[in-house]
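Morning, everyone. Please have the model up on the screen, and we'll walk through it together.

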Amino acid sequence: MDIFERIKKNSGGPIGKYQRQSHGYFTFPKLEGEIGPRMNFRGREVLNWSLNNYLGLANHPEVRKADAEGAVRFGMAAPMGARMMSGQTVWHEELERNLAAFVKKEDAFLLNFGYQGMISVIDTILSRHDVVVYDSESHACIIDGLRMHTGKRFVFAHNDMDSFKAQFDHATKVAEQTKGGILVITEGVFGMKGDLGRLDEIVKFKKDYNFRLLVDDAHGFGTMGRTGAGVAEHYGVEDQVDLHFSTFAKSMAGIGGFIAADKEIVDFLRYNMRSQTYAKSLPMPMVIGALKRLELIQTQPELREKLWTIVNALQNGFRDNGFDIGCTLSPVTPVYMKGGVDEATNLVVDLRETYNLFCSVVVYPVIPKGEIILRIIPTAVHTLDDVKYTLDCFAKCRGKLEAGEYQKPMPSMAE
């Protein structure tokens, strides 16, 4: 069969098959204007709960100034070439030192992208003899990284330590046969449910078992822990996390990421990570901007305090009003409801068109049929008035959902 014919017959895949009805509204929506709690969507201002701009750094005046000065001084082209060949600078090195110190590791290595970075870390660290044990709800970047691993892997039920122990025992037997090591992978904050990886429980196994621990802390970096260094700091187990990974796309409001570990391990990654060896160095404005963002995370704890004021008001408000927000312990706030795809679609249209409230929706096939998740991302630049208005809107929409008002065919909102 011709490749293109197969793609056409597949109707765009499990999500893409809805593109004619959804494109430009539910998928690939255009939020315009200054990044913040209020942006423009299809010609009207909406209260926006859909950006991972946790600390409000995207439009912080000092960040905007640093970004602009970096672009004026260096342009977007510098440095030219991969870092190993011609793209190394003192600013890249400074950012790595500062990141490593912040998460209490000996060294860190900058990555051009978070998603690509995690895939490459897994691909580089593991040999075909090594065995992996990972959480069942790990992010797609972890799953894609594991697809490149030619050795054995075992998945444990999400945050279930009995399941972890059982799968780890299987992994131990295989590793004994292959003469390989064991890598455990989990997340700091799980980005859909908002719950925390059981780092405190996992590291206890190190007393009796030999393994290394890789933690993806994309949503925890900047938001969790006493200083914002992440979930490992929150649990007080920084020294037990062997590989600390995070992205700049959340609290740092930028592009890129980093991996931090012992110096010898980081040096190995630095010289063997193909995605970085053969990729152009992270552009200077992004590096200069990231230095400023990290400085603000470290020197302005009030940003994190403002975030948690909004988080607590929002999550307590949902719970007090009888909403199910699951077991979140982080700023990620999922609101669980019951209904089909059509009901979810009409609910979101009502939120956006009637109440001018924009948030992301998750339905089948990402989650089981009959379930709806409305995902709210609070930030330090939201207000308590925003929280009150949102709680009122959700209460009204829940009433309509339960009364069956959203049981009608899915409208086509595509442009």
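First, a term: buried means under 20% relative accessible area, exposed means over 50%, and partly exposed is in between, with a 1.4 Å probe and protein chains only. By that scale, Arg38 is partly exposed, with a relative accessible area of 40%.

Now the ground rules. This is a predicted model: local features need pLDDT of at least 70, side-chain atom pairs count only at pLDDT 80 or more, and totals for chains, interfaces and linings use all residues. Residues are numbered from 1 along each chain as its sequence is written, and side-chain values use heavy atoms, with hydrogens and water left out.

Helices (H or I, at least four residues) and strands (E, at least two) are DSSP runs, numbered from the N terminus.

Back to Arg38. What does its side chain meet in a salt bridge? Its partner is Asp386, at 2.9 Å, N to O. A salt bridge here is a side-chain nitrogen of Lys or Arg within 4 Å of a carboxyl oxygen of Asp or Glu. Asp386 sits in helix H16 (residues 384-402) and Arg38 in strand S2, so the pair ties together parts 348 residues apart in sequence. Asp386 is buried, with a relative accessible area of 3%.

Stay with S2. Strand S2 (residues 38-41) pairs with S3 in the antiparallel sense, over 4 bridges. Two strands pair if DSSP finds at least two bridges between them. The bridge partner of Arg38 in S3 is Leu47. These strands belong to an open sheet of 4 strands with mixed pairing, in the order S1-S2-S3-S12. Its edges are strand S1 (31-32) and strand S12 (357-358), each pairing on one side only.

Asn48 belongs to strand S3 (residues 44-48). Buried or exposed? Asn48 is buried, with a relative accessible area of 2%. Leaving out residues up to four places away in sequence, Asn48 touches Leu31, Gly36, Pro37, Met39, Phe358 and His382. Contact means heavy atoms within 4.5 Å.

Next, strand S7. How many of the 6 residues of S7 are buried? In S7 (residues 182-187) the count is 6 of 6, so the strand is largely enclosed by the rest of the structure. In a regular strand the side chains alternate between the two faces of the sheet. Here both faces are covered: Ile182, Val184 and Thr186 are buried on one side, and Leu183, Ile185 and Glu187 on the other.

Who are the neighbours? Strand S5 (residues 131-135) pairs with S7 in the parallel sense, over 4 bridges. Val131 has Ile182 as its bridge partner in S7. Strand S8 (residues 212-216) also runs parallel to S7, joined by 5 bridges. Opposite Ile185 stands Leu214 in S8.

On to the packing. A nonpolar core is a set of buried Ala, Val, Leu, Ile, Met, Phe, Trp, Tyr and Cys residues joined through side-chain atoms within 4.5 Å. The largest one has 58 residues, and those with the most contacts inside it are Leu95, Leu99, Phe164, Phe221 and Phe248. A second, separate core has 27 residues, including Ile310, Leu314, Val363 and Leu374. Take Leu95 in detail: its contacts are Leu110, Phe248, Val287, Ala290, Leu291 and Leu294, again not counting residues up to four places away in sequence.

Back to charges. The whole structure holds 21 salt bridges. Arg270 and Asp107 meet in one of them, at 3.1 Å, N to O. Arg270 is in helix H11 (residues 263-272) and Asp107 in strand S4 (residues 107-111), so this pair ties together parts 163 residues apart in sequence. Asp107 is buried, at 10% relative accessible area.

A local pair next. Asp144 and Arg147 meet at 3.0 Å, N to O. Both lie in helix H7 (residues 140-147), 3 residues apart, about one turn of the helix. Asp144 counts as partly exposed at 23%, while Arg147 is exposed at 61%. There is also a network: salt bridges that share partners join Arg83, Glu96, Asp107, Lys263, Asp267 and Arg270.

Last, some backbone points. Ala78 and Pro79 are joined by a cis peptide bond, with omega about -10°. Pro79 falls in the loop between helix H4 (61-74) and helix H5 (90-102). Asn159 is not a glycine, yet has a positive phi of about 55°. Asn159 is buried, with a relative accessible area of 14%. Ala253 also has a positive phi, near 50°, and is found in the loop between strand S9 (243-247) and strand S10 (257-261).
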